[in-house]
Amino acid sequence: MQQGMQHFIAVRVLQSLLAALVMSVIVFGLARVSGNPLDVMLPIEATAEDYERLSKHWGLDKPVLTQYFLFLGNALQGDFGQSLKYQGTSAMELVGQRLPATLELAGLALLISVILALPIGVIAAVGKDSGWDVAAKVIALLGQSLPGFWLGIVLMWIFAVMLGWLPTSGRGGIEHMILPAITIGWFQVAAIMRLVRSSMLDVLDSEYVKLARVKGIPEWKVIWKHCLRNASIAPLTFFAIVAGSLLTGSVVTETVFSWPGIGLLVIDAIQARDFPVVQAVVIVFAGIFILCNLLVDILYAYLDPRIRYQ
Amino acid sequence: MADITTRDLLSETSPRHATGWRALRRYPLFPLAILVFFLVIPAVFAPLVAPFDPYAGSLSARLIPPFWQDGGTSEHLLGTDKLGRDMLSRVIYGARVSITVSLIAIFVGGIIGTVLGLISGYFGGRTDSVVMRLVDISLSLPTILLALVLSAALGPSFMTVLIVISVLLWARYARLVRGETLAIKELDFIARARVAGASHVRIMLVYILPNLVNSLVVLATLQVGYVILLESTLSFLGAGLPRAEPAWGLMVADGRELIVTAWWVSMFPGIAIMLTVLSLNLLGDWLRDHFDPKLKNI
Amino acid sequence: MKPKLGSLFAGLLAMVAAVLLSAVPETGWAQTSVKRLVFVSAGFDESNRIWDVSKPDHVQFDPFLETLLEVDPATGEYGPRLATAWEHSPDFKDWTFTLRRGVQFHGGYGEFTARDVVYSHSLMVRDDSIATLGDLWRQVSSVEAPDEYTVIFHFENPVVLDTAEYAFARSGDLKMVSQAQFDKEGEGAFDHPAGTGSYEFVERNSGLNIVYKAVENHWSGVTPAFEELEIRIAKEPATRLAMLLSGEAHIGDLPRELHADAIERGLKRLSSTMSVDWVSVYFGGMYFITGDPAFDPKVPWTDVRVRQALNMAVNRQELLDVVFAGRGEMAYISNWTSASEGWDPAWKDLHEELYAYNPERAKELLKEAGYGPGDIKMQIWAYTSPGESEHPAIADAMGLYFNAIGVETNVELLDWAKVRGTYRDKAIGCCMWPNVISWRPALEGLRNWYWSGSNSHHYEDDFLDAVYEEWNNELDTDKRNELSRSAARHLIENFAEVPLFWFRNEVFANGDVIDSWVYPGLGAGRTTQFDLIKPAS
């Protein structure tokens with residue numbers, strides 16, 4: 001790798017770490033301000049002595065700054081502390097347990113949105129400004145116009161209760177994954193489709209394609225073989241950004257479908273004021289976001305050297 | 001150069017569709033009509049158009065179905081909610097709340113973003129790096145989580161929603177404005193103005209900013225729909241507007257237990273959100289295609 | 001162009017459809033003979049560590065862990081379970097239990113003996129214990145095991161029969177776990193705890209479910225009708241209803257607002273035999289202990305006339321019928337039912353006299369107290385927690401009723417921690433808040449809610465503190481009843497709160513799978529004695 005590229009990556013990585021640090025401070029501070037976890041955990045019958053005893057046991061009686069540095073010190077070693085809600089389990093352990101479920105769902109959601117977006121984008125580009133274009137746009141944009149939780153519940157109602165084709169909730173085989181995946185994935189369809197469409201339009205217009213047509217290559221071959229291949233580069237980098245919104249979408253969807261992933265974990269943790277778990281999840285989320293942004297930047301820099309020197 | 005592009009050729013080969021769609025191409029009539037009907041008129045004329053006070057309810061009038069169902073009445077066309085409040089009035093007033101929240105949030109986020117973007121792009125150097133790092137950090141914050149934690153700390157309120165949405169939006173404006181400023185500041189007329197002694201502030205406000213307006217408007221239009229959705233999601237998660245407000249998002253969240261039994265409580269505000277956001281998205285798309293194709297990848 | 005595009009699109013759609021449909025299972029969900037009974041719950045704090053959760057969360061332990069005493073499912077009376085006899089010393093400080101012989105722990109961990117009782121108790125007083133009755137368990141200075149089948153609890157203070165039986169029975173949280181298992185596995189024992197119940201713990205999937213399997217030849221002679229039991233967690237009520245209707249779950253709990261619809265759709269209601277929870281709306285600022293700095297006379301409802309007015313503004317019958325489909329009993333005061341010490345049926349008349357729905361009189365009372373329409377502004381704080389979703393509906397309803405008499409209200413949906421933290425700090429003078437609380441012996445209730453030494457401060461004054469001191473040290477039954485009565489009457493006459501209703505615990509079942517379930521509701525976790533579920537023939 002060239003000198004410029006190395007420097008670029010180094011700078012970007014440092015900036016990413018800084019971003020993660022800022023995240024940790026924000027979440028730590030806000031979580032502490034949000035209230036006392038003991039108020040959630042202790043039964044209503046708890047006495048003042050109970051509060052004191054447990055405060056000491058979990059180190060909640062120390063000054064906030066001390067708590068933060070203790071947290072940071074441990075976090076850098078990968079230890080986010082013990083969950084307050086799920087006693088006996090470390091926060092990272094919990095995240096590790098639940099993350100695969102979310103990744104499964106996100107993966108399927110991404111697959112579904114690509115399966116839908118690619119053809120819709122191509123059709124929209126090829127039939128630009130025709131009825132197909134508008135219809136394609138509407139279908140895609142519909143995904144961005146429906147509140148996720150509403151869509152989830154309606155889908156569940158139609159397919160699981162009225163028709164009985166699919167289970168309503170919980171984790172299992174692919175039949176459990178479809179409805180939540182569609183709920184998350186539909187949102188992405190519009191963005192991916194738009195990208196495919198515009199990339200296709202650019203490529204369709206290019207000299208290379210005109211040449212192929214003049215040569216007499218059949219139209220479908222022109223579209224699928226030549227255009228799509230070249231048009232795929234831009235959407236590929238977009239997928240990394242999409243990963244972030246997939247995680248966010250998972251928070252709501254997992255609640256509706258009782259999918260035991262990291263989104264459901266963090267909602268429960270916030271409600272339970274389970275600081276260690278909230279911090280762990282947010283860091284992981286942010287870490288994934290940041291990693292994706294980093295990869296995107298590096299990929300763009302690789303493709304377009306000018307960016308490296310900005 | 002008369003450039004007959006492949007695109008034009010393609011559209012010419014479908015004569016049956018040409019006339020109707022060509023007219024649509026010129027003005028996004030359909031989305032505009034929907035918007036006016038569902039968003040603008042209700043929002044502006046709510047007190048005149050709504051048949052009831054959206055806050056007034058009575059337990060005896062609880063969960064009345066829409067008028068075309070068994071048990072419905074023509075007094076409450078779209079039925080009533082859990083507290084006997086008229087759905088139609090709440091949906092109408094909801095337009096007002098949705099527009100207010102989104103406009104304010106976009107305005108605040110937009111101003112912050114534009115100012116920072118201008119400064120960043122214009123002055124470059126250290127300032128630019130710092131601002132861009134802030135943008136990166138801001139874009140990597142998982143907003144929903146931030147909203148939840150913030151709301152747990154401050155309680156659900158208009159302020160919470162405003163802060164969360166502004167934090168989310170400003171970075172995109174900053175990035176856009178910075179990019180365009182970088183391009184514009186290299187142009188001749190800027191240099192001439194510098195030579196003529198114009199101050200930095202004057203140049204930014206009078207010379208650069210007006211050229212950004214197109215892009216800003218397109219971006220804003222695209223964002224309104226997103227903001228309305230975000231507000232409804234935050235309400236679902238309990239981190240949105242305070243309970244009493246007739247906000248569409250809150251209404252859908254409120255009726256979520258009843259989605260099976262008293263489906264109208266969630267359905268109508270849900271449909272309102274869908275139509276409004278869809279139209280805004282279509283409108284924004286059209287604006288972008290016709291005024292600023294550079295924004296393709298946002 | 002068009003035909004090609006069209007066929008292209010169709011082809012793609014077909015592909016996608018094929019992928020999706022191939023994943024659909026062939027068999028339907030409703031099966032005729034059910035091997036695994038699925039109970040879908042709104043959620044609870046998940047843990048295998050019995051000292052780590054509060055009583056309502058004990059629903060997850062009930063199938064496989066047992067207590068010394070039983071709560072009779074039909075009458076709510078206390079009876080033998082793992083203990084066959086029990087007695088107390090004259091000063092009520094020493095409680096001796098004779099243990100049942102021949103009870104085997106799951107997993108081959110041997111017979112249940114006295115040392116298991118000693119061990120189980122030691123868990124409840126760990127440093128990190130948040131057990132509901134932890135306070136009581138800490139008052140045990142020692143637990144003696146003179147022989148294998150005898151245990152003596154030595155308490156520092158006298159414990160009356162009512163309280164002792166409540167604590168040691170299925171209604172309490174002292175569950176028996178195996179010392180032998182801990183000896184062998186150490187902390188690992190908590191991953192797969194052995195119990196003595198008619199179901200055995202199989203596995204737990206965090207955030208999803210817990211699975212148990214029936215034990216053959218259980219000491220009680222009762223074999224559960226269903227080979228396997230699964231307690232599934234689904235936070236969303238719509239999801240639970242969907243699961244019940246689609247047959248994925250066979251029993252589940254639903255928010256009271258959905259009860260009428262569940263019945264309409266053919267689900268069967270299984271109600272507990274006893275009243276379990278009450279709901280009341282509490283006033284902030286009720287700090288009447290002489291010299292209490294937290295007392296703020298500017299809070300409008302420190303004036304008893306205002307409190308009476310607010311009570312008279314509520315149409316309780318309408319609220320019960322409309323929101324809860326009539327499924328509840330009028331509560332005259334929090335905490336006391338006919339099962340409580342000192343219960344007086346005459347309170348019914350008192351309640352009708354003082355609390356009857358009369359908005360006109362309410363407005364008059366406000367005027368007498370010096371408040372015109374719009375002068376009083378109040379916040380009503382609601383929140384939701386799993387299994388208790390009524391608060392927002394009640395808060396909203398209160399808002400409507402109070403508005404009708406000229407009180408301005410603002411209903412806010414917060415979370416439980418915020419509400420509790422504020423009332424713990426005695427900083428809640430701004431507000432009222434509803435709460436659903438479970439039954440406990442009357443003295444415990446007084447201690448938790450109305451005694452100045454506790455953390456709740458619902459309503460406290462010198463009179464109640466004095467009654468508490470006396471009652472807590474009184475061993476004579478008649479005197480105790482009298483004290484209990486005087487406390488209750490004091491609270492009723494002073495309009496200490498806005499009492500609403502008592503509810504039984506109600507779950508809904510698939511009538512094709514389940515015939516009936518007799519359970520008291522007073523057991524820890526509300527739904528208890530899963531082995532008594534009778535299948536449909």
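So, Val281(A): leaving out residues up to four places away in sequence, it touches Val95(A), Ile262(A), Leu265(A), Val266(A) and Ala269(A). Contact here means that the C-beta atoms, placed from the backbone, lie within 7 Å. Before I go on, this is a predicted model, where local features need pLDDT of at least 70, side-chain atom pairs count only at pLDDT 80 or more, and totals for chains, interfaces and linings use all residues. Residues are numbered from 1 along each chain as its sequence is written, and chains are lettered from A and ligands numbered from 1 in the order in which they are written.

Okay, back to that valine. Which residues touch the most other members of the largest nonpolar core? Val281(A) is one of them, along with Ala117(A), Met193(A), Val266(A), Val278(A), Val149(B) and Ile380(C), in a core of 341 residues. A nonpolar core is a set of buried Ala, Val, Leu, Ile, Met, Phe, Trp, Tyr and Cys residues joined through C-beta atoms within 7 Å. Buried means 20 or more other C-beta atoms within 10 Å of the residue's own, exposed means 12 or fewer, and partly exposed is in between, again with C-beta atoms placed from the backbone. The top contributor to this core is helix 8 of chain A, residues 174–204, with 19 residues.

Now chain A as a whole. We get 13 helices and zero strands; helices (H or I, at least four residues) and strands (E, at least two) are DSSP runs, numbered from the N terminus. Of its 310 residues, 53% are buried. Taking the chain A contacts with a separation of 6 or more, 73% join residues 24 or more positions apart.

Chain B has 11 helices and zero strands.

How do the two chains meet? Chain B puts in 44 residues and chain A 49. On the chain B side, helix 11 gives the most, with nine residues. That side splits into 23 nonpolar, 14 polar and seven charged residues. For the classes, Ala, Val, Leu, Ile, Met, Phe, Trp, Tyr, Cys and Pro count as nonpolar, Asp, Glu, Lys and Arg as charged, and the others, Gly among them, as polar.

Chain C also touches chain A, with 51 residues from chain C and 54 residues from chain A. Elements giving two or more residues on the chain C side include helix 1 (2–22) and strand 10 (228–233) of chain C. By class, that side has 20 nonpolar, 15 polar and 16 charged residues.

Helix 6 of chain B (residues 143–154) packs on helix 7 of chain B (residues 158–184) at about 155°, with the axes 10 Å apart. The axes are lines fitted to C-alpha atoms over the stretch in contact, and angles run from 0 to 180 degrees between N-to-C directions. The two are therefore roughly antiparallel, a label for angles over 145 degrees. Their contact residues are eight nonpolar, three polar and no charged.

Last stop, Trp502(C), in strand 17 of chain C, residues 497–509. Buried or exposed? Trp502(C) counts as buried because it has 21 C-beta neighbours inside 10 Å. Beyond four places in sequence, its contacts are Ser275(C), Trp278(C), Gly328(C), Glu329(C), Ala331(C) and Thr337(C).

Technical notes:
Contact = placed C-beta atoms within 7 Å. Parallel < 35°, antiparallel > 145°, perpendicular 65-115°, else oblique.
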